[in-house]
Each structure stands twice: as C-alpha cells, then as structure tokens.
Amino acid sequence: MTSEISAGARAKRQAGPHMIQMLTPEGERVSSGEYDVFAAELDTQDLFGFYRDMVLVRRVDAEGQALQRQGQLGLWAPLLGQEAAQIGLGRALRKQDFVFPTYREHGVAWTRGIDPTELLGIFRGQSHGGWDPQANRFHTYTIVIGSQVLHAAGYGMGIQMDGDVGTGDIDRDSIAVACFGDGASSQGDVSEGLTFAGAFNAPVLFYCQNNQWAISEPTSIQTPTPLYQRGKGFGIPGIRVDGNDVLATYAVARASADSIRAGNGPLLIEAFTYRMGAHTTADDPSKYRSDAETEAWAAKDPIVRLRRYLENQGVTADEFAAVDAEADQMAARIRAACVEMAPPPPAEMWTHVYSEPHALVDEERDAYLAYLDSFADVEEHA
Amino acid sequence: MTSTMPLSKAITAGLRKAMEDDPKVVLIGEDIGKLGGVFRVTEGLQKDFGEQRVIDAPLAESGIVGTSIGMAIRGFRPVIEIQFDAFIFPAYDQIVTQVAKLHARTGGNEKIPVVIRVPYGGGIGSPEHHSESPEAVFAHHAGLRVISPSTAHDAYWMIQDAIRSDDPVMFFEPKRRYWMKGDVDTDERGAATHSAQVVREGTDLTLVSYGPLVPTALDVANAKADEGANVEVIDLRSLSPIDFDTVEQSVKRTGRLVVAHEAPVFLGLGAELAARITERSFYHLEAPVLRVGGFHTPYPPSKLEEHYLPDLDRILDAVDRSLAY
C-alpha cells in the first residue's frame with residue numbers, strides 16, 4: 001500500500017481539476033468567471049479590511065503560541081496559514097447565519113465578533129467555551145472532530161421548519177455552516193451530516209478546510225479522491241477553492257451562501273490550504289513533513305499575496321504600518337487579559353451541569369465546599 | 001379524567017398533549033411516521049401534526065441525535081425515538097460528548113432540551129440487540145437525566161415532564177410492559193418525576209426496582225405476604241438523579257434492602273444503591289444489601305432469557321436470603 005506506485009496514483013487523484021483562484025501568490029488578479037461578480041462588489045477599502053482581519057488574527061495566533069510557551073496556556077492550536085480560508089468565509093456570511101466551528105476557527109470567530117480573550121480562556125483552562133453561542137451565532141469550539149457537522153445539519157433542518165429559507169428576504173433567509181477539516185472528513189458523523197442535509201435539502205454550507213495534515217497524517221490517508229467531491233453521492237455539489245486566496249474564498253462562499261439561502265439546497269466547499277504551523281503546541285511537524293513542502297507553501301502565504309495586490313492598488317506603507325500598530329495594541333490587551341485571568345472558583349464545576357436542580361450534584365457540591373471550608377481555621381492559625 | 005389504556009398508548013397520549021401544548025416539540029426517529037414506530041407509540045401523530053413535526057429519519061442513530069442537537073440550538077424541543085435499546089450505541093458519542101455536556105460547555109448559555117426515548121429490556125423473544133438494559137451506562141454521565149416509568153399513569157406524565165425539562169432526558173420505556181393496561185388520570189399528576197414512590201408498604205424488607213420489574217416486585221411482595229412477611233416495594237422511577245432519601249427512610253424502618261433490575265448486576269444501579277444506602281443506614285441494616293439482575297454475559301439468545309432475567313423466584317430467593325440473616 002505504501003509503495004511509490006500507490007502513493008503516486010493517490011497524489012494524481014488528489015490533485016483534482018480546476019481550483020477557483022482570483023489572486024495568484026504574486027498578488028495578480030485573475031478572472032474567475034461566475035465568481036468575478038462577487039469580487040467586483042468589493043472596493044480597495046473592503047479588501048484592506050480583509051487584510052486587517054488576517055493580520056490581526058495572525059497576531060492573535062502568535063500571542064496564543066507565545067503565551068503557551070510562557071506557561072500561560074496549557075495548549076494552543078495555531079491557525080497560521082489558514083487566515084484567508086477563514087476570513088473569506090466569515091465575511092461572506094450574514095448576521096442571521098449560524099456557524100458550527102472546530103477548535104481551530106480563530107479567524108471565523110473573529111468575524112463573528114468573538115473576543116480573542118475568550119479563545120485564550122479555553123486553552124488556558126478557564127472554561128470549555130465561555131461565550132453565548134446565540135449572541136454571535138457562533139457555536140462553541142468542537143474538539144471531537146466531525147460532531148459539529150451534524151449539529152449544523154440539524155440547525156439547517158430547523159431553519160427549514162421555521163420557513164427562514166427561500167423567502168427572498170436576505171435579512172431573514174438563513175444558512176447553517178459546518179466547518180470541518182480533512183481529518184474530520186473520515187468521521188462517520190460527517191457522512192451522516194451530508195446524508196441528513198442532502199435528504200432534507202437543508203440550508204447547510206459544508207466548509208472543509210483541507211490544510212493537508214491531520215496531525216501527522218496527510219490527506220491521502222483520509223481519502224484517495226479530492227474532498228470537494230465528497231458530497232456527490234449525497235446529492236451535494238462541491239467546489240474547490242484556493243484557500244490561501246481571500247478574494248476567492250470570499251467570492252465562492254458568498255456565491256454558495258446566496259444559493260443555499262435562496263433554497264437551492266446544501267453545498268460543499270473545499271478550501272485548499274495549508275497548516276503552516278504545528279497541529280498544536282504539543283506537536284512536532286519536523287517528524288513527518290519536509291522543509292521543502294513548508295517552504296513551497298510559505299510562498300503561497302495568504303497575507304503576503306493580498307498585500308502585494310493592495311500595494312499595486314495604491315495602499316500606502318503608512319496604512320499597512322497602522323494595521324501593524326493596531327495588532328501590537330490588541331496583542332498587548334489580550335496578553336494582559338490572559339495573564340490576569342484568575343482560576344474560576346471551585347463551585348463553578350457544579351454550576352451548569354444541569355439547568356435545573358439535580359440532587360446528586362447539589363449533594364456533592366455542598367460536601368466538597370464544606371470539606372474546603374474545614375481548612376479555613378487551619379490556614380488562619382498557620 | 002381517568003381512563004384505562006396500555007402503557008404504550010399512555011406515552012402516545014403524553015406525546016400528543018406535549019405537541020398540542022408547544023409547537024416547538026418535534027418527533028424524530030426511524031419508522032415513526034406512517035408506520036407509527038415499530039411499537040406504534042407514535043401512531044397517528046404524523047397524520048395529525050404533519051411530516052415536519054413527526055420526522056422519519058434516515059437510518060443513522062448518531063445522525064438522529066446529532067441533528068436533534070442542532071434543532072434544539074435552533075429553539076426546537078426534539079423527542080427522539082431510538083428503535084431498540086442496543087441500537088443506541090452508534091449515537092453514544094453524540095449523547096455523552098455533546099448532549100450531556102453542551103450546557104456545561106457553554107457555561108449555561110445553551111440548553112439542550114432533547115428527549116431520547118428508548119424501548120428497553122427483555123422478555124419479548126427477540127434477536128440480539130433488542131433486549132438490553134443500558135440505563136446505568138447513561139446515568140453514569142453527568143448532564144443527562146434518566147427516568148423510567150413502570151405504569152401507564154407515570155408514562156403519560158413523565159414523558160411530558162421530560163419534554164418540558166430544559167435538560168436532556170433519557171426516557172427508558174419498559175417495552176415488555178407496553179401492552180400492560182393501567183388507569184391514567186389526566187388531571188392529577190401524582191408524584192414528581194424525580195422522586196421514588198413506595199408502591200406497597202411493608203415492615204420487614206425494602207425491595208427496590210424500576211421499569212419492567214416493578215410488577216414482578218409486587219408479585220414478590222404478594223408471595224411473601226402469603227408467608228407472613230411484609231415487603232415494602234419502591235419504584236425508583238428516576239435513575240438520575242436517584243431519590244436516595246425515600247429508599248433510606250424505608251430501609252431505616254425495615255433494616256433490609258434488595259435491589260432488582262434487568263441490567264447486569266456488575267457496576268449497575270444496584271451497586272450504587274447498596275453503597276449509598278450502606279453509608280447512610282449502616283447501623284440500621286440487619287443484612288447486607290443484595291442485588292438481583294442480569295449476568296456479566298452478553299444478553300443471551302431468547303431461548304435462554306428466562307434464565308438471564310430476574311423473575312419472581314430469583315427475587316424471592318434474594319429476599320429469603322436477606323430475611324434469613
């Protein structure tokens with residue numbers, strides 16, 4: 001199975017056909033047929049906004065990495081390299097849409113208005129996910145990969161039951177977004193999510209970020225065929241987009257979301273991108289991938305290519321510098337907020353197990369707090 | 001108003017009432033629409049409430065539970081039918097990793113009012129995977145409520161309580177008692193869902209059971225009464241939380257406790273009751289707590305299930321051993 005012939009055959013099938021791209025790695029704008037209309041709606045300021053988004057989330061990521069190294073976080077899952085795949089998607093959505101993320105969706109979280117300190121709190125061990133999913137229509141991070149795809153499918157079925165799809169009112173018609181990766185695509189729950197969405201024609205956008213690696217396993221171990229084809233057997237058309245091209249991810253996500261919103265049924269997007277960093281701060285990618293590969297992808301950096309394009313559009317060095325300064329300020333703010341987070345009080349453990357009283361939970365909490373109280377005198381005397 | 005009906009139809013009536021009361025209640029499961037479920041518990045509901053509220057699902061248990069979570073996040077109150085007890089395991093991950101924990105994970109921001117109905121237990125002569133009692137497996141997981149009615153009246157009220165609860169509820173239905181008729185009072189609910197009930201008073205020994213074995217436990221009490229011993233029978237009704245207070249009060253009067261369930265004895269609810277009641281009533285006990293239940297074997301082929309399932313004689317044997325101390 002691991003022979004060169006088989007690996008070669010797999011690579012060939014993986015390569016797949018045309019991939020939607022609108023900005024080359026050199027920052028040149030190339031035409032992309034039906035998707036150009038969505039790009040045309042964006043002026044330089046809009047694109048500069050995407051640039052700002054990407055620079056800021058990359059900075060959040062760098063802070064997460066640094067704080068973990070300093071012992072302030074238990075772990076961090078870097079998004080480095082996937083900024084365009086996430087910002088393009090996030091900016092293509094509307095307020096009423098609901099996103100179901102994995103644990104690496106820091107960029108999408110940013111576009112939904114989640115403060116980065118909330119993300120740091122999870123990896124610091126303050127909470128399992130502090131925000132109200134309904135407030136931002138952004139669900140909690142899902143660590144068991146693939147589970148959230150079913151939640152998105154069910155939410156989409158709920159949108160249908162509410163009649164909030166295909167009415168023609170763009171402030172009402174809604175979609176559910178299932179974010180998942182190449183690794184998760186092997187989970188049964190992803191296939192079941194495609195089954196339900198396909199069978200019920202639910203308004204769900206399946207957004208697969210193929211970052212080429214599931215910890216140490218290349219995508220070829222998950223599937224011999226391109227992931228954008230995964231929905232075919234479920235009646236869900238798919239498309240592959242250059243995940244390092246924010247203009248393309250935005251345009252393709254907008255086009256897909258609009259179609260789903262109009263009631264045309266679920267779609268799948270494979271954002272072809274690269275996890276430039278480690279899987280998490282506990283991982284060592286040098287054990288399983290080559291420097292040549294990482295360097296080849298570094299040349300396709302999503303931020304660099306947009307910057308080149310914007311420079312050609314006349315954005316000045318001062319304007320770029322202002323974004324860097326803003327990133328510095330934000331970094332200082334979230335760093336300080338992270339370091340200052342006090343451990344939650346022990347009683348917190350029992351507070352939200354159930355929403356209504358549960359005798360055992362109450363009994364165990366009271367007993368443990370009384371036990372803790374029994375040390376109060378000892379400490380006073382000491 | 002009081003009327004007599006089989007336990008399964010009491011659940012149907014409870015589901016119907018819940019659907020009439022709250023338009024957000026939806027049912028989802030395999031074959032629950034036109035067919036009305038393999039046990040006909042949802043019979044007639046799709047005809048009256050439509051295909052959007054009584055949903056025939058693809059044959060994927062994890063998918064049924066996972067999409068129900070999504071519907072709950074959207075504001076619905078899904079009631080799932082798992083076709084048979086042991087078909088639940090493909091959904092185990094979604095139940096324990098997501099359903100049970102999302103409220104805590106979101107710091108209380110998100111409620112998951114999902115009800116998972118599970119016909120459980122043996123005695124109906126079925127092939128493998130159709131007769132198991134996995135309730136302790138789910139009671140073990142914080143975040144789930146687990147209840148099991150043993151009468152038509154309780155079935156009618158407890159299913160409605162389960163649907164009204166903002167917490168996820170596993171609703172275990174004693175399938176071999178589906179056809180057992182009982183009086184259902186649709187005006188007076190009786191005991192609260194999460195309380196145990198003394199269903200027969202006695203002075204010499206406390207016999208605790210729930211679900212399908214409650215009628216058997218009552219038979220045991222009758223048999224012992226003929227021999228001059230007074231057995232108190234408690235129907236646990238709620239398996240998470242468990243109403244230990246009611247059991248404790250009883251044991252402090254009788255001094256003896258026997259627990260009977262169809263589920264395997266090893267690490268079962270009987271073990272938990274034995275430990276807790278011993279802690280609470282050590283000086284009142286005249287005998288060790290005894291348990292009667294299934295063996296540490298896979299559920300056997302149906303020609304052997306009469307040996308596996310606790311029956312009148314096996315429970316009587318344990319009662320006699322306890323009384324002999």
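This is a predicted model: local features need pLDDT of at least 70, side-chain atom pairs count only at pLDDT 80 or more; totals for chains, interfaces and linings use all residues.

Reader: OK. In what sense do S10 and S11 of chain B pair, and over how many bridges?

Author: Strand S10 (residues 205-209) and strand S11 (residues 231-235) of chain B run in the parallel sense, with five bridges between them.

Reader: Which residue stands opposite B:Val231 of S11(B)?

Author: B:Leu205.

Reader: What is the strand order in the sheet in chain B?

Author: The order is S9-S11-S10-S13-S14. That is five strands in an open sheet, and the pairing is mixed.

Reader: Which strands stand at the edges?

Author: S9 (197-200) and S14 (290-294) of chain B. Each has a single partner strand, so one side of each has no neighbour in the sheet.

Reader: What does the twist average?

Author: 25 degrees from one strand to the next.

Reader: Which helices pack on that sheet?

Author: One is helix H10 (residues 269-281) of chain B, which touches S10, S13 (257-264) and S14 of chain B. The direction of H10 makes about 155 degrees with that of S13(B). Helix H12 (residues 312-324) of chain B also packs there, touching S10, S11, S13 and S14 of chain B. The direction of H12 makes about 165 degrees with that of S14(B).

Reader: Switching to chain A. At what angle do H3 and H4 pack?

Author: Helix H3 (residues 44-69) and helix H4 (residues 83-92) of chain A pack at about 130 degrees. Their axes are 10 Å apart. That angle makes H3(A) oblique to H4(A).

Reader: Is the crossing left-handed or right-handed?

Author: The crossing of H3(A) and H4(A) is right-handed.

Reader: Which residues meet there?

Author: From H3(A), A:Phe50, A:Asp53, A:Met54, A:Val57 and A:Arg58. They meet A:Glu83, A:Ala84, A:Ile87 and A:Arg91 of H4(A). By class, the contact has five nonpolar, no polar and four charged residues.

Reader: Now the two chains together. How many residues are in contact?

Author: 33 residues of chain B contact 34 residues of chain A.

Reader: Which helix supplies the largest share on the chain B side?

Author: H3(B), with ten residues. Helices H3 (61-74), H4 (92-99) and H5 (102-105) of chain B each supply at least two.

Reader: And by class, what does that side have?

Author: The side of chain B that touches chain A has nine nonpolar, 17 polar and seven charged residues.

Methods. Residues are numbered from 1 along each chain as its sequence is written. Chains are lettered from A and ligands numbered from 1 in the order in which they are written. Axes are lines fitted to C-alpha atoms, for helices over the stretch in contact, and angles run from 0 to 180 degrees between N-to-C directions. Helices (H or I, at least four residues) and strands (E, at least two) are DSSP runs, numbered from the N terminus. Angles under 35 degrees count as roughly parallel, over 145 as roughly antiparallel, 65 to 115 as roughly perpendicular and the rest as oblique. A crossing is left-handed if the near helix is turned anticlockwise from the far one by less than a right angle, and right-handed if clockwise. Two residues are in contact if their C-beta atoms, placed from the backbone, lie within 7 Å. Ala, Val, Leu, Ile, Met, Phe, Trp, Tyr, Cys and Pro count as nonpolar, Asp, Glu, Lys and Arg as charged, and the others, Gly among them, as polar. Two strands pair if DSSP finds at least two bridges between them.
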